Amino acid sequence: MQEDDQDAADAALVLAGDLNAFEGIVRRWQQRLVTLAWRFCRDRTLAEDMAQEAFFKAFRSLSAYRGEAAFSTWLTAIALNSYRSRLRAEGPSLLSLDPARTFSMEGDALGSLIRSEGAEAVRKAVLTLPTRYREAIVVFYFQEKSVAETATVLGIAEGTLKARLHRGRELLRHKCINLKSYRAMGNKEEQ
Amino acid sequence: MTPEDIDRILSSDDMLEPASGFASDVMDRVRCLADEPPPRRFPWLRFGFGLISCLIVAASGTVLAPRLEHSVIGLCPSLTSLSGIEPEVGYAVAALIVSFGFISYRKLRVTT
């Protein structure tokens, strides 16, 4: 049985009153929803909390699932909406590669940023993008680069998604050039 | 750093393994959620009745009060000193009676 079919069958069981069937959905999806949340915040505790909240929202909205879209798309869209509200409530990310904000970081944040691996710094740089580009990039790579599924989850046209991805990558590249100069500066200071 | 480098880095981001008790924690809270009674819906019907009643009382008061003012004062000379406020007192009493009427009607329907 395909995973989406299994999820839809479990959803039907839950609606019929078998609450334990929801555990199957949670077990199949826990890693993916926690990972998606993690990619939006890079904070493990917050990511698990956000994923829990997404599961509750999915449970409450299960009766609204009509099977028009794949279960995976429906659940990811619910999770994304839930994460969006939570991140809005949490306030803007403290992490930024913009010089003005980077230098206002507390403690050794700049130092750790400089010392951190380049790849991880690029992933963190995604968090500093404006919301529309950040969501497009995070969901696109989470959905294994499927433009159609990402556009459905975000509720936008494929053309709009492609434009946002292009612009988002450009902004990211620009931020990474700044990062490179900070790292060079950090290395000089260490010598 | 080229766009290809960025694409490669973002494609190779790891999956995060949730804590071991994550699924059971979620299920515990889901069971609690399922036990809770469904949230009460806003009583639109009762609100509608109330609003219509208020509008009727206000409209009838606006039309009738000027006509009845002199006759009521004529009937009860002792109320002459209250001539400035008696329409408002009348509306308040009428609204109170109508409200109690609605409440009693709902209670009667629930108990029967």
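The dialogue below takes up several features in turn.

Mentor: Please keep in mind from the start that this is a predicted model.

Trainee: How many residues of chain A are in contact with chain B?

Mentor: To read an interface, one counts residues on each side whose C-beta atoms lie within 7 Å of one another. Here, 27 residues of chain A are in contact with 22 residues of chain B.

Trainee: Which element gives the largest share of the side of chain A that touches chain B?

Mentor: That element is α2(A), with ten residues. The elements of chain A that give two or more residues to this side are α2 (21–41), α3 (44–61), α7 (118–126), α8 (131–142) and α10 (158–190). By class, the residues on this side of chain A are 15 nonpolar, eight charged and four polar.

Trainee: How do α2(A) and α4(A) cross?

Mentor: For a pair of helices, one looks at the distance between the axes, the angle and the handedness. The axes of α2(A) and α4(A), the latter being residues 71–90, come within 11 Å and cross at roughly 35°. The crossing is right-handed.

Trainee: Which residues of α2(A) and α4(A) meet there?

Mentor: From α2(A) come Trp29(A), Leu33(A), Leu36(A), Ala37(A), Phe40(A) and Cys41(A), and they meet Leu75(A), Ala79(A), Tyr83(A) and Leu87(A) of α4(A). This contact has ten nonpolar residues, with no polar and no charged ones.

Trainee: Where are the buried residues of α1(B) placed around its axis?

Mentor: In α1(B), residues 3–11, the buried residues include Ile6(B), Ile9(B) and Leu10(B). These three lie on the same side of α1(B), because they cover an arc of only 95° around the axis. The face turned away from that buried side carries Glu4(B), Arg8(B) and Ser11(B), which are exposed.

Trainee: What is the phi of Glu144(A), and what is that of Lys145(A)?

Mentor: When phi is positive, one checks whether the residue is a glycine. Glu144(A) is not a glycine, yet its phi is positive, about 50°. For Lys145(A), also a residue other than glycine, phi is positive and near 65°. Glu144(A) lies in the loop between α8 and α9 (147–154) of chain A, and Lys145(A) is found in the loop between α8 and α9 as well.

Methods. Residues are numbered from 1 along each chain as its sequence is written. Chains are lettered from A and ligands numbered from 1 in the order in which they are written. This is a predicted model: local features need pLDDT of at least 70, side-chain atom pairs count only at pLDDT 80 or more; totals for chains, interfaces and linings use all residues. Two residues are in contact if their C-beta atoms, placed from the backbone, lie within 7 Å. Helices (H or I, at least four residues) and strands (E, at least two) are DSSP runs, numbered from the N terminus. Ala, Val, Leu, Ile, Met, Phe, Trp, Tyr, Cys and Pro count as nonpolar, Asp, Glu, Lys and Arg as charged, and the others, Gly among them, as polar. Axes are lines fitted to C-alpha atoms, for helices over the stretch in contact, and angles run from 0 to 180 degrees between N-to-C directions. A crossing is left-handed if the near helix is turned anticlockwise from the far one by less than a right angle, and right-handed if clockwise. A residue is buried if 20 or more other C-beta atoms lie within 10 Å of its own, exposed if 12 or fewer, and partly exposed in between; C-beta atoms are placed from the backbone. The arc is that of the directions from the helix axis to the C-beta atoms.
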